[in-house]
Amino acid sequence: MTMRDATIAEAAPDPGMNPALADGPTIGGGQSAGGGAEDTTASGLALETQLQRLTPISLDEINAQARLMTRVDRKYFLPRGLFIDLLAATRDDFRVLEIDGKHRFEYRTAYFDTPDFRFYRDHVQERRHRFKVRTRTYVDTGTCHLEVKSKGYRGQTVKERIAHPLDSPLTLTDSDREFIDSVLGGPPARAGGVDSGGRASGDRASGGRDCDGRGPGGHDFGCSPSVRVRPQAADLAPVVETVYDRITLCHADQRLTCDLDIRAISGDEQHVGPSDVLVETKSPGGGGIWDGLLKQVGIRPHKVSKYCVSAALLNPQLPSNPWEQTIRRYFR
């Protein structure tokens, strides 16, 4: 029986599995009581033990199996003990990315925005069509990409990327700017297909303008259908960096990214946390194996963006209503 057909109780995990999987988890996040260095070391050893039990998959295999550049994402915060137990319960279904015997890889991501944080504010207002621009450095493999992510209608996320110089993650080149402008000036990402350039198909907003009206609570950050023009690459500068370790799991057309030890950095300031694992499920329809298992034990997805939370933590003058509860619960 695969985990697609099994309940958690039927999964017959290892003895000593967290009772949360059978009886419902304790909601609240964080480490176990005590939470000292000894607990952290034990948690790390238990995690590595479970990762060693998973069948490995190479980066080339993952890319050939399911690029998932157009997908539905759901994000969850899991206490590390529960995360380790779920790895054990699904080890016959998921393979873990392994490179040179390693399963955890350091990511450094620099986010670019306008001086008035236009992309950030679009997220606050929950605009149907919005963007993120970032460079992502894969420290362990020595590669870097420039990525433009767009959120389209019906919740689809479309990611496009090009190679970027490894030694300058905080600087945009001329080719970077051309690429960014080509994506920002493209059509809104609608569900229902992908065009020849890799973007989700749809109709371009009239005149390249994009305005969906006021955000939650009636807030308006200067949006007007007649004047609200999309940003250009020349307007962008690095505003915040995130650093974390990532574990990647893969099953057929599903993928999980699991981020640990997240740090947000802006200049000389930084914020460390949370202690929970931020798990993002990625699947064409948004209903993957882990989504079903987490629903069984009462773990619900969160609307959270590492960029937006990091920007809010390091720039307290920014509005942060959509993430305030998440920030208080997991990041402070």
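Analyst: At 37% relative accessibility, Asp-261 counts as partly exposed, a class that lies between buried (under 20% relative accessible area) and exposed (over 50%), computed with a 1.4 Å probe on protein chains only. The model is predicted, so local features need pLDDT of at least 70 and side-chain atom pairs count only at pLDDT 80 or more, while totals for chains, interfaces and linings use all residues. Residues are numbered from 1 along each chain as its sequence is written, and side-chain values use heavy atoms, with hydrogens and water left out.

The side chain of Asp-261 meets that of Arg-104 in a salt bridge, at 3.1 Å from N to O; the term denotes a side-chain nitrogen of Lys or Arg within 4 Å of a carboxyl oxygen of Asp or Glu. Asp-261 lies in strand E9 (residues 254-266) and Arg-104 in the loop between E3 and E4, so the pair ties together parts that are 157 residues apart in sequence. Helices (H or I, at least four residues) and strands (E, at least two) are DSSP runs, numbered from the N terminus. Arg-104 is also partly exposed, with a relative accessible area of 23%. A network of salt bridges links Asp-261 and Arg-104 with Arg-80 and Asp-245.

The whole structure holds 15 salt bridges. Glu-61 is partly exposed at 36% relative accessibility, as is Arg-95 at 27%. Asp-122 and Arg-127 form a further salt bridge, their closest N and O atoms being 3.2 Å apart. Here Asp-122 is buried, with a relative accessible area of 4%, and Arg-127 is buried at 2%.

Charged side chains also meet aromatic rings. The charged end of Arg-246 sits over the ring of Tyr-107, 4.9 Å from its centre, and Lys-306 lies over the face of Tyr-244, at 5.0 Å from the ring centre. The criterion is that NZ of Lys or CZ of Arg is within 6 Å of the ring centre and within 35 degrees of the ring normal.
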